[in-house]
Amino acid sequence: MTISRDEVLAALATVDLAGTPLAGSGRLSEIAVDSAGRISLAIAIEPSEAAALESVRAAAEAAIRVLPGVTGVFVSLTADRPRGALQAPAARAGVQSEDARPSGRTPRVPVPQAIPGVAQIVAVASGKGGVGKSTLACNLALAFQANGLRVGLLDADIYGPSAPKLFGLSGKPRLISGRIIEPLDGFGVKVMSIGFLVEEDSAMIWRGPMVMSAITQMLREVAWGDLDILVVDMPPGTGDAQLTLAQATPLAGAVIVSTPQDLALIDARRGVAMFRKVAVPILGIVENMATFVCPNCGSVSPIFGHGGARHEAERLGVPFLGEIPLDMALRESSDAGRPLMVDQPTGPHATAFRAIADAVWRRVASGEAARPAPRIVIA
Ligand code: ADP
């Protein structure tokens, strides 16, 4: 059964905001309804209203949840946006935007707060999409676990959530109490992704502030429990949304993923610059698709001119963490929802992922990453 936006608006007629119906308050974002009956929307607020309007948010969720055919509801409060500035759905459908700055206003950046029970939060980032960031984040999380750590993975790549596919997870997270949801279990790693809550297409139309709001909720309203490390798969790119996110998340450091091509390295450089701008330590650069392993004869060819990321890391004064070859087995295992770390835990890729995980963990656990790096002047 398909639920219409009008039905959702009708359900919201019972919810008031400061004496006026929420539906007519001009504060609602577009209402995203996916084919599985999951509904998501945001309420635009001023940051100072967050506590007072939490009850309105909860009432909206409760009102929508009882509609026939609804299987999930995700209502968020969105600050950093002038009232009523949410665009009409028709104008935004299918538009992916990195704009976190509603017209003429600088976004307010939430102050990062530690997540109780989570010792370290590490971002996996890339200057552009398609370089294997999510593949690395997934396998790195499993490598931390193989190295004996308690691990979570937050898929903050809201425009293209891939954790459900990579971990082979299709269920819906359980609401434990109030707003707190239970992460899903991906081979022992606690996994949370917006892909569990809304369909990919719905998230595509979100703009910066909605992204921030959703990610903040996924950081704080998920029962992560006690974790040694939470891996955050960042959205690709270095736009305002990424910058705000990097600033708002209490990160111990960032791992930058790059492919060897020059273009990707330029993007990686931007990634390094972005984290430096917000004083997040760079834990290092990983070169993905470094060499090509022939599936027939096993020979290794440096088709993209291997070694660029290592040189770039040296040039930028950040550690080079390791390289992962371009290998069909890696793509196939990702597509099958059985990460190579799980499928071939003693294979060469798993060994490489574990070595990278070990280097990252040593840096964050020793506090070494937090020490100011020596000033490097690039001529
Ligand atoms: P990103 O998160 O940077 O957009 P993904 O992790 O989604 O990139 O990877 C993009 C595609 O490349 C996926 O199909 C993935 O399976 C594949 N891929 C990533 N790294 C490798 C690799 N080292 N060898 C083969 N395929 C890879």
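A residue counts as near a molecule or strand if one of its heavy atoms lies within 4 Å of it. With that in hand, let's look at this predicted model, where local features need pLDDT of at least 70 and side-chain atom pairs count only at pLDDT 80 or more, while totals for chains, interfaces and linings use all residues. Residues are numbered from 1 along each chain as its sequence is written, and side-chain values use heavy atoms, leaving out hydrogens and water.

**Around the ligand**
- The ligand has 16 residues around it, and Gly 130, Lys 133, Ser 134, Thr 135 and Pro 325 come nearest.
- Some of the pairs here are polar contacts (N or O atoms within 3.5 Å; within protein, one must be able to donate a hydrogen and the other to accept it, and residues adjacent in sequence count only if both atoms are side-chain atoms).
- A backbone N or O atom of Val 131 sits 3.0 Å from an oxygen atom of the ligand, and for a backbone N or O atom of Lys 133 the distance to a ligand oxygen is 2.9 Å.
- Pro 325 has a polar backbone atom 2.8 Å from a nitrogen atom of the ligand.

**The chain as a whole**
- The chain holds 13 helices and 16 strands; these are DSSP runs numbered from the N terminus, with helices being H or I of at least four residues and strands E of at least two.
- Of its 379 residues, 53% count as buried, meaning under 20% relative accessible area, with exposed over 50% and partly exposed in between (1.4 Å probe, protein chains only).
- Take the contacts (heavy atoms within 4.5 Å) between residues at least 6 apart in sequence: 77% of them join residues at least 24 apart.

- Strand 4 (residues 38–44) and strand 5 run parallel, joined by seven bridges; Ala 44 has Thr 78 of strand 5 as its bridge partner.
- In a regular strand, side chains alternate between the two faces of the sheet.
- In strand 5 (residues 72–78), seven of seven residues are buried: Gly 72, Phe 74, Ser 76 and Thr 78 on one side, and Val 73, Val 75 and Leu 77 on the other.

**Cores and buried spots**
- A nonpolar core is a set of buried Ala, Val, Leu, Ile, Met, Phe, Trp, Tyr and Cys residues joined through side-chain atoms within 4.5 Å.
- In the largest one, with 88 residues, Phe 167, Leu 230 and Phe 275 touch the most other members, and helix 4 (residues 133–146) gives the largest share, eight residues.
- Another core, of 23 residues, lies apart from that one and includes Leu 17 and Ile 43.
- Helix 8 (residues 240–248) is largely enclosed by the rest of the structure, because seven of its nine residues are buried.

Definitions and conventions:
Pairing = 2+ DSSP bridges.
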